[in-house]
Each structure stands twice: as C-alpha cells, then as structure tokens.
Amino acid sequence: PSTLFIEIPPLLHNFNNISHVELIDLKKEYRKIGMKTMLCCIGRQENAYIREFVEYYKVLGVTNICLFDNNYDGEEDFRDVIGDYIDSGFVILKDYRNRQKCQLDAYNECYETYGNDYDWLLFFDLDEFMFIN
C-alpha cells in the first residue's frame, strides 16, 4: 500500500494551489532524522480545547507551535491554560490581540520569521487534528 503525500506551497496566497502530489512507498524510509517542524495557528476564544490541541501535536512530534493570540482585551488568555508550554518554549506566543481579518498576515509572518529554520511549516486551525494512519 501507498500513502498520499501533499506539499502545499509555503506562501498561502492560494490555499487550493497544491504544488505536487507524490505517492510514497511505505516500505522505504522517508523520515529525515532530526527533522524540525512548526505548526502555525491563530486563535480566539479557544481555551476550552487548546491544551488538548497542544498536547496532541507534541505527541505527534511537532518541534514547536507558533500561536498567534487573536483574543480581544478582556477575553481569554492562553497563558491560563498552556502557560507551561509557553514558558518551556514549545509554544511561541505572538500577540495579535485586537486585530481583525489577520489570519493570512499571521501565517505570512510565521513563514517569513521561521521558514528557514524548520523543514516543514504546518498551518492548521486550533480545531483541526491531523490523523496519521
């Protein structure tokens, strides 16, 4: 059996533009030793499940999560729920509080800031979970 591997272009100007699709033979070793991966996400009022999200991707082996805090003043604070992951450096918290219509700006900032430091950047919403078969 084979698995489908999809690489999405790093600049997210067109979310539907897939640069290539390649079938990979599961019997061959494809994993790069020491691969660095960063998950980029933006969130607002997500404290009810953000800890589960962070812990899930940590178990999957993501190196870091870059989290853009898009709450408004007086709303939730991600530090209340995942402060330990922020303090440890696993979650890199970016202040996007009080901004509107800024998801693409956040993702572009993540790419521009960290694109050369990681082998893969993943862009997910905080309610999206990737399952590996």
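**A walk through the chain**

Helices (H or I, at least four residues) and strands (E, at least two) are DSSP runs here, numbered from the N terminus. Before going on, bear in mind that this is a predicted model, where local features need pLDDT of at least 70 and side-chain atom pairs count only at pLDDT 80 or more, while totals for chains, interfaces and linings use all residues. Residues are numbered from 1 along each chain as its sequence is written, and side-chain values use heavy atoms, with hydrogens and water left out.

Now step back to the whole chain. It holds three helices and six strands, and from the N terminus the elements go β-β-β-α-β-α-β-α-β. Of its 133 residues, 35% are buried, where buried means under 20% relative accessible area, exposed means over 50%, and partly exposed is in between (1.4 Å probe, protein chains only). Take contacts, meaning heavy atoms within 4.5 Å: among those between residues at least 6 apart in sequence, 72% join residues at least 24 apart.

Four strands make an open sheet in the order 5-4-3-6, with parallel pairing; two strands pair if DSSP finds at least two bridges between them. Strand 5 (91–95) and strand 6 (120–123) are the edge strands, each pairing on one side only. From one strand to the next, the twist averages 20 degrees. Inside the sheet, strand 3 (residues 37–43) and strand 4 (residues 64–69) run parallel and are joined by six bridges. Among the bridge partners, Leu-39 goes with Ile-65 of strand 4, and Cys-41 goes with Leu-67 of strand 4. Helix 3 (residues 103–114) packs on this sheet, touching strand 3, strand 4, strand 5 and strand 6, and its direction makes about 155 degrees with that of strand 3. For such angles, axes are lines fitted to C-alpha atoms, for helices over the stretch in contact, and the angles run from 0 to 180 degrees between N-to-C directions.

Six of its six residues are buried, so strand 4 is largely enclosed by the rest of the structure.

Zoom in on Cys-66, in strand 4. Cys-66 counts as buried because its relative accessibility is 0%. Leaving aside residues up to four places away in sequence, Cys-66 touches Met-38, Leu-39, Cys-40, Cys-41, Ile-92, Lys-94, Cys-110 and Tyr-114. The C-alpha atoms of Cys-66 and Leu-122 are 9.9 Å apart, although 56 residues separate the two along the chain.

Back to helix 2 (residues 79–88), whose buried residues are Ile-82, Gly-83, Tyr-85 and Ile-86. Those buried residues pack against helix 1 (50–60), strand 4 and strand 5.

Last, the outside. Ile-132 sits in the segment after strand 6 and counts as exposed because its relative accessibility is 63%. Together with Leu-60 and Met-130, Ile-132 makes a nonpolar surface patch of about 260 Å².

Definitions and conventions: Patches are made of residues with over 30% relative accessible area and no salt bridge: like charges are joined within 9 Å, nonpolar side chains (Val, Leu, Ile, Met, Phe, Trp, Tyr) within 5 Å. Accessible areas come from the Shrake-Rupley method with a 1.4 Å probe; for residues, only the protein chains shown count as cover. A salt bridge is a side-chain nitrogen of Lys or Arg within 4 Å of a carboxyl oxygen of Asp or Glu.
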